[in-house]
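Please look over the sequence and the structure shown here, and then read the report that follows.

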Amino acid sequence: MRTARSAAVAPGFDYMMLQNDLTTPVVLDTDGNLRWVGTGLSTSIASLFHDDGFFVGSANTPELYRLELNGSYAPRPLGSTRYTNFHHDLVRGKTGLLAELDALEGGVLRYESNLVEISPTGEVIKEWDMAKIFRDAMQAGGDDPSNFVRDGIDWFHMNSAIYVAADDSLLISSRENFVVKIDYATGHIKWILGDTTKHWYVDYPSLRALTLKLKSGKPPVGQHSLSIASNGELLMFNNGLGSVNQPAGTAAGITRDYSTPSRYAIDAAARTAVETWTYSPTPAIYSAICSSVYEAGAPNHHLITYSAVTAPVRTELLALDSAGKIAFDYVYPGGNCAVAFNGKEVDFSALMLK
């Protein structure tokens, strides 16, 4: 423990849920006490609390589990034979749950490039295939996408996706490349925001034409945990690790030696973005993979999860109040996403036990 919770600085929330690679979702209170953990499931990276229970996507099979607070759980197979397993996050969508799924088509693995909206019982509502979306856009713009969209290879690495009701769209994080906004109904690309020293921008005019100009601040690099802040800005964990799976001889982009939460004001009409807020402690903290930041409880209160801090290897949970003061700072041994892929506030105030 670096900083215990005290009456002097309020975190703005009471409980947090850790999605991890060891157990079911874990619930901690803001004093750092373990309040709930289930049994029977050994990973909960793709999970969320919804409708008074936890939903957990299997990392090995196309099954969605409903996990009750009494510890019981039951699998709900997906209503499609294309998908093989869940990965990364699981969040509420427009009408169902947004799931990041691997797929197998014609013997070819579609790795971390499919977003699917499913019902809580596993039925498929709507699908978005990033390979098709980007092939179509690049070909329409006069580019050959064959050295960008590469079947059977982790060319996209989707690690976060959210529904934006304000304009009926989806915001998707491609860890290897950028953040992209697409139209919910059509899948057409609205804009891209990312590191313009990477392969996608350097080598493809069709994607450059879709890119927002970053007027100030630093671009997203290796980002995770997209969300829309209370003021309408785009919030994310800006990891700072450049691309690790680009074609040989192409630009991998920036790699930094620090990570920050970052918030961006997007002007879609002007095609611009501005980084409006960041948290950068001294000394700097570097968590190259996984990790998250979300507003928690009240506007401008933040819960930050550094999932894989090095030297020494650790996971760090840190909460900030609206003035940027540390409400708590807890450190746990171990890293590489096992202790916490992601940390979110969980609100039990309207809980109804059945």
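Where is the place of serine 44? Serine 44 sits in the loop between β3 (34–37) and β4 (47–50), where strands (E, at least two residues) and helices (H or I, at least four residues) are DSSP runs numbered from the N terminus. This is a predicted model, in which local features need pLDDT of at least 70 and side-chain atom pairs count only at pLDDT 80 or more, while totals for chains, interfaces and linings use all residues. Residues are numbered from 1 along each chain as its sequence is written, and side-chain values use heavy atoms, with hydrogens and water left out.

Serine 44 counts as buried because its relative accessibility is 0%; buried means under 20% relative accessible area, exposed over 50%, and partly exposed in between (1.4 Å probe, protein chains only). A polar atom of the side chain of serine 44 lies 3.0 Å from the backbone oxygen of threonine 23.

The table lists contacts (heavy atoms within 4.5 Å), not counting residues up to four places away in sequence.

| Residue | Residues touched |
|---|---|
| Serine 44 | Leu18, Gln19, Asn20, Thr23, Thr24, Pro25 and Val56 |
| Phenylalanine 148 | Phe134, Met138, Trp155, Asn177, Phe178, His199, Trp200, Tyr204 and Leu207 |

Elsewhere, four strands form an open sheet in the order β12-β13-β14-β15 with antiparallel pairing, and two strands pair if DSSP finds at least two bridges between them. Because β12 (158–164) and β15 (189–194) stand at the edges with a single partner strand each, one side of each is left without a neighbour in the sheet. Six bridges join β13 (residues 169–174) to β14 (residues 178–183), and leucine 171 stands opposite lysine 181 in β14.

Key: A polar contact is a pair of N or O atoms within 3.5 Å; within protein, one must be able to donate a hydrogen and the other to accept it, and residues adjacent in sequence count only if both atoms are side-chain atoms.
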